[in-house]
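I opened my notebook to look around this structure one stop at a time. Here is what I looked up, in the order I went.

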Amino acid sequence: MSNEQTPDSDLEQQMVDLAEVEDAKLTADHKSYSQNQLIRRRFFSHVPAMVSLVVLSIITVLAFTSVGYGIIPGWWQHPFRLPQGAQLVNDGQPTMFQDGQIVGPHPFGQDGLPRDIFARVMRGTQQSLIIGAVVALVSSVIGILVGAIAGYFRGKIESVLMTLTDFVIVVPLLVIAAILGSYVSDMPFAPFPLAIALGLALWTGMARLVRAEVLSLREKEYVSAAIAMGASPWRIILKHMLPNAIGVIIVNASFTVAAVILLESVLSYLGMGIQAPEVSLGMLVSQGESAINTRPHLFWIPGIFILTITLCVNFIGDGLRDAFDPRQQRKGDRRPGLRQILGLRGFAMSQQRRAGTESGSTDKDQE
Amino acid sequence: MLKFIFKRFGRLFLVLFGASVVSYALVVHSGDPLQDLRESTDADAEYQMELRAQQLNLELPWTDQYYLPWYERYWDWLTGVLGCLDPTDRVIGPCDWGTTVNGGDVTAQIANAAEVSLRLVLIATLLAIVLGVLTGIVSAMRQYSVFDYSMSFVMFLFWSLPLFWAAVIAKEYLAIRYNNWMADPHFTAPTIFVVALLLAVVVPTVLGGSPRRRIATGAVMFIYTCTVMPFLDHIHFMEQPRLGTGFIAVAAVALAVGFTALIAGMQNRKVLYCGLAVAALGILSYLLTWDLMRGAQGYLIPMGLFALTIVICVAIGRIFGGYAKGQATAVTLLTGMLTSGIILLDHYMYTWPGLLSVKPRPIRTVGASTPNLRADDFWVISLDHLSQLWLPTLVMMLTSLATYTRYTRSSMLEVVQQDYIRTARAKGVTERTVVLKHAFRNAMIPLATLVAFDFAGLVGGAIIVERVFGWNSMGTMFITGLTNVDPAPVMAVIIFTGGIAVIFNFIADILYAVLDPRIRV
C-alpha cells in the first residue's frame, strides 16, 4: 500500500480524478437503451441470423419477381408449366456457368417434357413461403386465443382447452396434416386452403406456451392493479399480457414457419399436399427422385432450396430467441472473435481468463 | 403423486379415444371409397362395389339401398378393437382391427408393421439419445470452440433437413454406390489421403488442448490412418472383417480403465479391479461361448447370455465394490455391456462373408429383409435384417440427434452457472465429478419429457422413411389407406402410435418424479 505515504489532500485529489475518469467511462460506454432498442441491437449483432435474413430476402425477392405472382408478370421468360414449342437445350442439363455464359437459357436445366426447372423451383419456393407465412399467422392467432383464454380464466375452460392440445402428443402431426390435407386437395386457390388446414392442426404448441406465459403474468402486480381499476379481462389480456408475452410468441411463430415448410414438402412428396398442375418443392423432389443418376439437378436443386429456406428461418428464430431472452447469453464469457476460435490470437490469455473465472474446460484438458 | 400420474394417464387415454372418434369421422368423409368403381366401365363393377361395401362395412344389414352412418361403423370398429383387451374373447368379442378395401386382414398387418416400425424407432431413439447427449456435453464443456461452432451448425443443418430428401440421398450413396464399390472393395490412395486429412482435423478439435497438443494429435491421427487403411485393404478387411481376440482383449481392458477414470477416478482401486475383472471375464467368455453362439438358432441364446452378463456384472460390482458399491456397479455394468456389444460385432463380422456369398449386393434399397434369402443360418438372416435396418435408422436418427444435442448443450450451460456448481468447485471437487455428478445429472432430468415428445414425432418420421425405403409397414398402411378412403388401416396406425405415445408419457411422468423429488405434488 504505497498510498499511505501520500498526503491526505493528494489522495483525495486522486480519488476525485479516479471517480471522474470512471464517470466519464461510464457515460461514454453505457448509453441507455429502451427495451426494444436492446432487443433490436442484440438481434442485429447476431451474425448467423443476419446472414440468414439477407439470404432469405434474396430468395424471396427472386422467387416472387422472377416468375411473377397471380396476374403480375415476372421478368423470367419461361413459364413454370410446359409452354408450346419448348425446346430441349443442352440435353436438359443446367446451363449455369456453361460455355462462358453466367446464367444461360435454363440455369437449373430442364426436365424430360421439357419444362424450365428454374421457373418451377421459383414457383415452388413461392408456395413454400406463402404456406409458411399463412400457417404461422393462422396457428398463432388460434394458439394465442386458446392459450390466453385457458391461462386467464382457468377452471373448466382451461381443462377442456388443454385436453385439446394433448391431441398433438397422441396423434403424430404428419398424420393429422395428411388427413386434413386430403380434404383440401381439390380446392381452388392452391396453397391457401392447405395452409389454413395446416394452421388448424398446428396451433397447439403456441397455445401451450402462451398459456404458461399468461399463468406467470397473472401473478404480476400490474395485472392486479389493472383488475383493481376495473379493467375488463379482454383489456388485461390484450393490453397487459400479450405485449409482455410477445417474445415467446414471435420466437415460436418463427420456428413454426420452418416446421411448416418442412411439413408441406413432406406432404407434397407423399402426394397428399399440393397437387399438380401447381408446383411445390416437395413435389419437385419426388418427381426428380427417379432421375437422380441421369438428371441429378432435378433432385438436388429443389431439395437444396427447401434446406436453405428452413435453415435460414431456423437461424433467424434462434437469433430472435437470443435477442428476446437475454438469460440465454452467458455472463462474463464473451463470444470470442474468429481468430481466437481458431486459436490464432490470445489463446493462452483466454485460457488463463477462463481458468480464473470459471475454470471451465482447462482443468479437464490438463487431466 | 400416484394419483396425479394416473389422472394424467387417464386423461391421455381419453384424448386417444377422442382422437380416434375425430379421425375416424375425418377419414370416412375424406372421399368416396367407390370412386374408381363408379367411373369404371367394367361390366363387373357393380358386383365389385357390393363386395367392397361389404368389406368396408358400409351397407346396412337389412337393405342395400342406404349406407351405414359413420358412427355406427365406428361403433362396430371400436368393439372389434376393444376385443383385444379381452383375452377370453367372450365379454366383448374377438380381437378384430377390421379389413382393408382389398379384403386384407388389418389385425395381422398391424401386428407385423408395428414390430418393424417399433424396432426402427426404438433403435433410432436410443442411438440419438446416446450420441446427442455426448455431443451436447462436449459442446457445452468447450463452449465457443471450433468443435462447438461446427457442431451447432451441423445440428442446425440436421434440424432443417427434409427427411425424405436425406433418405433418398442415403439410399443413392450409402446403398447403391456402396454396393457397387463392394463388388471390388479397395481403398485408393486419394481416398486414404482424404480420410486421413479429415480425421487429422476432426479428432484434435474433439479432444482439445493446447495448440501444440492439437497439432501432435492431428499428426498422429494422420500417420495412423495412412498406415492402417492400406493394411486393412491388404488383409481384405471389407470382405472378411474380423476383430480377433487381441483387439477384443485390448478394447475390454481399455473400456474398464476408461470407465473407471470417468466415473470413479483411477485412485479408486476397488472400482478399477472390479472393472478389470469384468474385462477378463468378458475375454474368457468370448473364447468359451464361441461354439455356443455360432450354434444359435434364434435370439434366445444371445439375449440369454447378455442377461447373464448383466447379472454377473451387477453381482461383481455389489460384492467386491465395498464402500464404492454404486460406482463399481456402474463401471462393471457399462464395461460388461459394451464388451458384449464388441463380441456380438465380432460374431456379425465373422458372418459377413457368409452374407456376401448369398447376397453379393449387401444393402438392398427396398424392404426390411431380403426375400428368398438362400440361407438357413440364424446369423446370416439376422445380419441381413441389420444391413437393411441401418440406413433407415441413420436417417431417422438425424433429426432427433439435433434435438438432443441442442437440448443437452443449452441445459448443461444453464446448470453450470448455478450456485451449487460454484460451491462444488469451491470446495475442491474435481472437474470430472462436477461435470458428471453435479451438472450432468441435474441437466438430464427434463430429458425424460423430451424423449416422450420426440418419440411421437419420430413415429411420424418413420412413416416417411419407411415409404422411401419401401418397407411394407405402418407408413405404407397409412398412406394407401388414406388414399383409398379406407378407415381400418389408418385407424390401426393412429391407435398404435397413439398408444405408444401414451405409454411413453406415462413412463416419462414416473421417471420425472423419481429423478426430481420437487415435483411430487
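**Entry 1: a loop in chain A.** I started with A:D91, which I found in the loop between α3 (47–66) and α4 of chain A. The model is predicted, so I keep in mind that everything here is computed from it. Is A:D91 buried or exposed? I counted 10 C-beta neighbours inside 10 Å, so A:D91 goes down as exposed; the cut-off for exposed is 12 or fewer. I also checked A:D91 against A:I58, 33 residues apart along the chain, and their C-alpha atoms are separated by 29 Å.

**Entry 2: chain A as a whole.** Next I stepped back. Chain A has 17 helices and zero strands. Of its 367 residues, 38% are buried. I then took the contacts between residues at least 6 apart in sequence, and 66% of these join residues at least 24 apart.

UniProt, in an unreviewed entry, lists residues 125–317 of chain A as "domain: ABC transmembrane type-1". In the model, that span is 79% helix and 0% strand, and its end C-alpha atoms lie 19 Å apart.

**Entry 3: helix α9 of chain A.** Which residues of α9(A) are buried? I wrote down A:T204, A:M206, A:A207, A:R208, A:V210, A:R211, A:E213, A:V214 and A:L217. These buried residues pack against several helices of chain A, among them α4 (117–153), α10 (221–228) and α12 (246–269).

**Entry 4: helix α6 of chain B.** Then I crossed to chain B. α6(B) has 14 residues and reaches 20 Å between its first and last C-alpha, close to the 20 Å expected at 1.5 Å a residue. Its buried residues are B:F147, B:M151, B:M155 and B:W159. They cover an arc of only 95° around the axis, which puts them on the same side of α6(B). What do the buried residues of α6(B) pack against? I found α14 (296–324) of chain A, together with α5, α8 (189–207) and α15 (378–416) of chain B.

**Entry 5: where the chains touch.** That partner in chain A made me look at the contact itself. Chain B gives 51 residues to the contact and chain A gives 44. On the side of chain B that touches chain A, the elements giving two or more residues are α1 (2–29), α6, α7 (163–182), α18 (447–468), α19 and α20. By class, that side of chain B has 32 nonpolar, 13 polar and six charged residues.

**Entry 6: two positive phi values.** I finished with backbone angles in chain B. Most residues other than glycine have a negative phi. B:Y144 is not a glycine, yet its phi is positive, at about 65°. I located B:Y144 in the loop between α5 (106–141) and α6 (146–159) of chain B. With 18 other C-beta atoms within 10 Å, B:Y144 is partly exposed.

B:V485 also has a positive phi, near 50°. I found B:V485 in the loop between α19 (474–483) and α20 (487–515) of chain B. B:V485 is partly exposed, with 19 other C-beta atoms within 10 Å.

Conventions: Residues are numbered from 1 along each chain as its sequence is written. Chains are lettered from A and ligands numbered from 1 in the order in which they are written. This is a predicted model: local features need pLDDT of at least 70, side-chain atom pairs count only at pLDDT 80 or more; totals for chains, interfaces and linings use all residues. UniProt positions are given in the numbering used here, feature names are shortened, and annotations may be inferred rather than shown by experiment. Helices (H or I, at least four residues) and strands (E, at least two) are DSSP runs, numbered from the N terminus. A residue is buried if 20 or more other C-beta atoms lie within 10 Å of its own, exposed if 12 or fewer, and partly exposed in between; C-beta atoms are placed from the backbone. Two residues are in contact if their C-beta atoms, placed from the backbone, lie within 7 Å. The expected span of a helix is 1.5 Å times one less than its number of residues. The arc is that of the directions from the helix axis to the C-beta atoms. Ala, Val, Leu, Ile, Met, Phe, Trp, Tyr, Cys and Pro count as nonpolar, Asp, Glu, Lys and Arg as charged, and the others, Gly among them, as polar.
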